[in-house]
Amino acid sequence: MNNCGPSIESSALVDVPAAERSVASLLSALGANLDDEALQQTPRRVVAAYRELLVPQDFEATTFPNSEGYDELVLVRAIPFRSLCAHHLLPFTGLAHVAYLPGDRILGLSKLARVVEFCSRGFQVQERVTWQIAEWLEKNVEPVGVGVVIDAQHSCMAVRGVRAVGSWTTTTAMRGVLRQDPERRREFLSAIEADRSRAVGVAC
């Protein structure tokens, strides 16, 4: 049912004692004094934090017959999410805007946020999260069209390297009518523009 393919599919796959030992070894190799009281519980806390970021919570995709033949956009805007950069193991966070044009079935509204949460877990890159959300909807709901826009800020850009604090990265995935019909695409992008502008303004 869930085919986003997060890199860690179950908490049972996380070897907590081994992970804690590895974090302790890393800290020691970086010159940290593990006898320091402030660091004594750090390996446990780090592993707990990574498990939270990496392991998705499974869910049932509740769909219903589209008995009324609803043929307009179903859109959930500004879904907050967090994920873990596969390249630097630093978090990236932002907002996902997800829409679909129903076919024969409609999806419970809360499940759009669940899909975002599910696909964002794991060692990820923003482009793949965006693609996977669209792929999940296309395979599980079989809509006429899908649109996904993600705006995110990446710690790996803000705290190291270029140190581009306040910069946003946008990725999109359009399927079906939302890819093929310019008017439908504009409708979707216009509907989320105020949320996107507000988020950037607040962050800045």
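Reader: At what angle do helix 3 and helix 4 pack?

Author: Helix 3 (residues 109-120) and helix 4 (residues 126-141) pack at about 135 degrees, with their axes 9 Å apart. Axes are lines fitted to C-alpha atoms, for helices over the stretch in contact, and angles run from 0 to 180 degrees between N-to-C directions. Helices are DSSP runs of H or I with at least four residues, and strands are runs of E with at least two, numbered from the N terminus. This is a predicted model: local features need pLDDT of at least 70, side-chain atom pairs count only at pLDDT 80 or more, and totals for chains, interfaces and linings use all residues. Residues are numbered from 1 along each chain as its sequence is written, and side-chain values use heavy atoms, without hydrogens and water.

Reader: Why are helix 3 and helix 4 called oblique?

Author: Angles under 35 degrees count as roughly parallel, over 145 as roughly antiparallel, 65 to 115 as roughly perpendicular, and the rest as oblique. The angle here is about 135 degrees. Helix 3 and helix 4 are therefore oblique to each other.

Reader: Which residues of helix 3 and helix 4 meet?

Author: L112, V115, V116, C119 and S120 in helix 3 meet V129, Q132, I133, W136 and L137 in helix 4. Contact means heavy atoms within 4.5 Å. Eight of these residues are nonpolar, two are polar and none is charged. Ala, Val, Leu, Ile, Met, Phe, Trp, Tyr, Cys and Pro count as nonpolar, Asp, Glu, Lys and Arg as charged, and the others, Gly among them, as polar.

Reader: What covers the buried residues of helix 3?

Author: The cover includes strand 2, strand 3, strand 4 (105-107), strand 5 (123-124) and helix 4. Among the buried residues are K111, L112 and F118.

Reader: What makes C156 buried?

Author: Buried means under 20% relative accessible area, exposed over 50%, and partly exposed in between (1.4 Å probe, protein chains only). C156 has 10%, so C156 is buried. C156 is found in helix 5 (residues 155-158).

Reader: Why does H88 count as partly exposed?

Author: H88 counts as partly exposed because its relative accessibility is 35%. H88 lies in the loop between strand 2 (74-85) and strand 3 (91-101). Not counting residues up to four places away in sequence, H88 touches C156 and R160.

Reader: Which residues does the UniProt annotation "binding site" cover?

Author: The annotation, from an unreviewed UniProt entry, covers C85, H88 and C156. They are spread over 72 residues of sequence, yet they cluster in space, with a largest C-alpha distance of 7.8 Å. UniProt annotations may be inferred rather than shown by experiment.
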